[in-house]
Amino acid sequence: MTEATGIVGEFLSLKEETDADLLTMQCGDFYEFFGEDAETVADELDLTVSQKSSHGSSYPMAGVPVDDLTPYVSALVERGYRVAVADQHETADGHAREITRVVTPGTHLETGDASAQHLAAVVREGGRGDGDTYGLAVADVTTGQFQVTQLDDADAGAALTELYTFAPAEVLPGPDLRNDDDFLDRLRERTDAALTLHDSESFAPGRASHAVREQFGGEAVDSVGVGERDAAVRAAGAVLSYVEDTGVGTLAAITRLQTYGAREYVDLDATTQRNLELTETMQGDRSGSLFDALDHTVTAAGGRLLRRWLQRPRRDRGELARRQSCVAAFAESAMARERIRETLSDAYDLERLASRATSGSADARDLRAAQETLSVLGKVADAVTETERLAESPLADAVAGADRAAADDLAADLDAALVDDPPGTVTQGGLFRTGYDDDLDAVIEEHEAALEWLDTLPEREKERTGITHLSVDRNKTDGYYIQVGKSETDAVPESYEHVKTLKNSKRYTIPDLDEKEREVLRLEERRHDMEYERFQALRERVAERATLLQDVGRALAEVDALSSFAVHAVENDWTRPEVHDGQALSIEAGRHPVVEQTTEFVPNDLYMDEDRRFLIVTGPNMSGKSTYMRQAALVTLLAQVGSFVPARSASVGLVDGIYTRVGALDELAQGRSTFMVEMQELSNILHSATDESLVILDEVGRGTATFDGISIAWAATEYIANTVRSKTLFATHYHELTALGDELPTVENVHVAADETDGDVTFLRTVRDGPTDRSYGVHVADLAGVPAPVVDRSREVLDRLREEEAVEVRGSDRDGGGTTQAVFDLSSGQFASGGSEPTDEPVATDGSREQAPADSPADDAGGLDPEAEAVLSELRDLDVNETPPVELLAKVQNWQDDLEGA
Ligand SMILES: Nc1ncnc2c1ncn2[C@@H]1O[C@H](COP(=O)(O)OP(=O)(O)OP(=O)(O)O)[C@@H](O)[C@H]1O
């Protein structure tokens with residue numbers, strides 16, 4: 001291929017300049033993609049590819065109109081591409097093009113999604129292995145939120161967990177982490193984030209701390225105690241530099257550095273968020289999640305905050321008490337609450353408007369929206385002050401946190417400037433009210449007068465000439481003209497100069513009209529320029545008040561989220577939990593917050609404390625074990641976000657983390673076996689949980705052979721109860737484990753009760769102390785529609801196993817005739833002597849006749865060899881009641897081995 005020149009050549013050389021995935025370049029009224037980029041974009045967005053020839057070669061080309069670029073870029077970014085945009089600008093000798101911005105998943109301003117969009121940088125300091133420090137900085141450019149933290153971590157687990165909670169759209173790994181496959185794999189596994197290698201220099205301590213100081217001022221850095229060389233500062237500097245480099249212009253919206261310590265939030269890893277179905281169900285649906293059930297917010301920002309709260313429960317009792325008091329006040333002020341929510345429903349997303357103002361993308365409608373929302377603050381504040389119950393609650397401070405006077409001033413400013421319903425374009429005039437600016441008014445007045453002259457021209461000309469079919473109009477080619485109907489063209493005066501003949505009419509112009517036309521065009525252009533200039537100035541003034549907009553936006557979002565909690569509490573009869581620093585978790589008549597929405601729910605009590613930390617939950621399948629355990633976790637979580645809880649009363653000891661292990665669903669797709677995932681999750685819990693955590697284990701060890709499963713569950717229970725000492729609920733079908741309830745002082749048994757009369761099982765949904773006696777699995781098989789012969793036979797087998805610890809194999813006699821030949825002996829785990837008919841000889845499962853082995857019980861009469869004797873005597877001496885099941889199993893296995901050896 002010859003080297004491209006011209007437009008394609010220009011495109012290719014711009015492409016060299018950027019490491020973005022795609023480049024689009026403005027060519028007049030279109031943005032064009034060329035070459036491979038054109039093909040990729042056409043594939044992704046269903047655009048038509050044409051061919052552009054350049055000096056004998058031909059290049060694929062796909063383009064979109066200038067005004068439509070944003071949605072196309074958004075769609076590409078949402079698919080994970082980083083898109084560079086090269087704009088065209090006029091120069092003395094034609095035009096030039098340069099890359100003005102790179103839109104990436106983490107810096108995408110025009111997102112259609114109201115939820116937060118996070119860009120994160122993560123830095124590791126110190127050698128590999130023990131004692132590493134991780135710095136994390138997370139920005140949301142759409143709202144200007146910027147959060148920074150630092151944590152010490154041995155194996156990156158805590159740092160990754162912290163990252164997961166933000167569900168970042170884009171991550172910038174620091175220089176030390178770029179080549180760490182393990183870290184990157186773990187990151188990819190749990191987030192959909194695009195990984196971007198940003199300039200290593202920007203992570204360097206000096207550069208980074210300079211960037212942080214430039215952005216927030218030296219004092220801000222010092223006051224939050226982030227030292228120069230800290231990993232957190234390096235991460236923060238990299239994020240700032242990336243936002244600046246991508247050029248979307250939102251850096252100015254990042255006004256505040258929020259640092260937080262790991263101790264402020266409850267540990268809640270991605271697995272647990274998913275298991276507890278906080279924001280989506282395990283199947284990935286929003287509907288049916290806790291957020292979905294709980295969300296009564298009326299603004300996008302309020303919804304975003306509520307979601308964030310659920311994902312980041314707090315450990316600070318003071319903050320929780322503050323939120324609870326606000327919810328309580330709202331719950332008891334029905335009228336004011338409804339009035340405030342009604343007012344709030346007029347609010348736009350101020351945090352996002354602030355970012356649009358600073359990036360220069362806000363239009364007059366956006367500023368109008370900002371004005372209306374700023375004045376919402378005053379109305380909400382008034383409603384709070386006027387309602388005694390609200391006025392004396394911490395809500396008054398929450399509202400007062402934003403500067404109402406400044407908000408009113410800015411709102412008044414904007415209101416004085418902009419017309420009520422401004423147009424969506426900012427270059428076509430019509431934005432400002434009269435009285436806002438004298439110079440502008442003068443031009444507008446002249447312009448309007450000239451337009452008025454044109455408007456009334458037809459009347460004047462009709463009167464002067466006596467022509468009835470006469471109108472004045474304008475189009476692009478002819479400019480202004482007088483149009484006269486064909487039948488009356490004879491009556492046209494001499495002063496009319498003919499312009500064009502149409503089928504039914506003729507067009508003319510007159511000297512006065514030509515002159516007015518020039519005047520109107522001149523005034524129009526001047527007016528548009530003046531209005532645009534003034535609009536930019538106004539937008540800049542708003543951008544300068546970004547912090548104010550963000551403060552007001554956050555205050556309104558908080559009022560929205562808190563009143564949403566109150567609405568839910570009132571509608572569902574929730575109660576204010578007592579939160580305390582002790583261990584006890586006590587729930588009286590508790591319900592599951594989501595299940596109770598759709599089911600006639602049977603409330604249950606739960607009590608745990610220092611001496612009753614570990615509950616083994618047994619009960620039939622489908623009886624409600626999982627629901628009961630999740631309910632405990634969700635009540636705790638709700639208490640730690642400041643919400644009321646679904647219970648008659650509740651007292652919740654604050655936890656430092658909630659860990660769950662629940663049946664894995666979709667991990668097989670990722671190439672890991674269910675059991676492997678189960679064990680990884682268990683391992684993570686055993687490493688991470690502390691005596692202040694809450695652990696939910698819904699079956700452990702089920703994914704493997706029974707003996708291994710029981711052994712692992714047994715050992716894990718001992719380890720948690722004796723060493724980790726976290727509050728734990730463990731649902732299991734291994735009844736053997738219930739023995740631990742009697743032996744370990746802090747472990748207790750509870751069960752979900754069921755009632756069986758005449759073979760009919762009724763689930764009572766009531767939790768009682770002590771272990772269950774049966775499991776009713778066969779009943780569930782019946783409910784699930786397993787064919788009747790299988791269900792009936794299961795019942796028979798079950799009964800025989802219970803009564804005789806042995807069961808025969810049906811149909812093992814291939815030759816027909818008999819039904820009962822091979823007998824499986826539960827206690828030996830082997831086929832023992834055959835049944836009685838039609839023959840006494842043992843038959844293997846394949847139906848073939850076998851010689852009875854020499855040491856089979858059938859041969860006992862002949863005397864035993866020493867090994868068998870030894871086994872028998874051990875068996876006789878064994879105290880079954882005193883031996884833990886796992887040991888029993890091991891013994892049985894040993895005996896079998898011994899006997900086989902003999
Ligand atoms: N307290 C309750 N009141 C009313 N319905 C309940 C209650 N608890 C559970 N349920 C309902 O019972 C069904 C089974 O509950 P769950 O999944 O918790 O049972 P499980 O014992 O964990 O079952 P399995 O052992 O098979 O996993 C669910 O549909 C749930 O909605």
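Which residues surround the ligand, and which are the closest? In this predicted model, local features need pLDDT of at least 70 and side-chain atom pairs count only at pLDDT 80 or more, while totals for chains, interfaces and linings use all residues. Residues are numbered from 1 along each chain as its sequence is written. The ligand is surrounded by 14 residues, the closest being Asn621, Gly624, Lys625, Ser626 and Thr627 (a residue is near a molecule if its C-beta atom, placed from the backbone, lies within 6 Å of it). Helix H23 (residues 625–639) supplies the largest share of this shell, 3 residues; helices are DSSP runs of H or I with at least four residues, numbered from the N terminus. The shell comprises 4 nonpolar, 8 polar and 2 charged residues (Ala, Val, Leu, Ile, Met, Phe, Trp, Tyr, Cys and Pro count as nonpolar, Asp, Glu, Lys and Arg as charged, and the others, Gly among them, as polar).

The axes of helix H12 (residues 317–331) and helix H21 (residues 546–572) come within 8 Å and cross at roughly 60°; axes are lines fitted to C-alpha atoms over the stretch in contact, and angles run from 0 to 180 degrees between N-to-C directions. H12 and H21 are therefore oblique to each other (angles under 35 degrees count as roughly parallel, over 145 as roughly antiparallel, 65 to 115 as roughly perpendicular and the rest as oblique). Arg323, Cys326, Val327, Phe330 and Ala331 of H12 meet Leu562, Ser563, Phe565, Ala566, Ala569 and Val570 of H21, where contact requires C-beta atoms, placed from the backbone, to lie within 7 Å. This contact has 9 nonpolar, 1 polar and 1 charged residues.

Methods:
Helix = DSSP H or I, 4+ residues; strand = E, 2+ residues; numbered from the N terminus. Contact = placed C-beta atoms within 7 Å.
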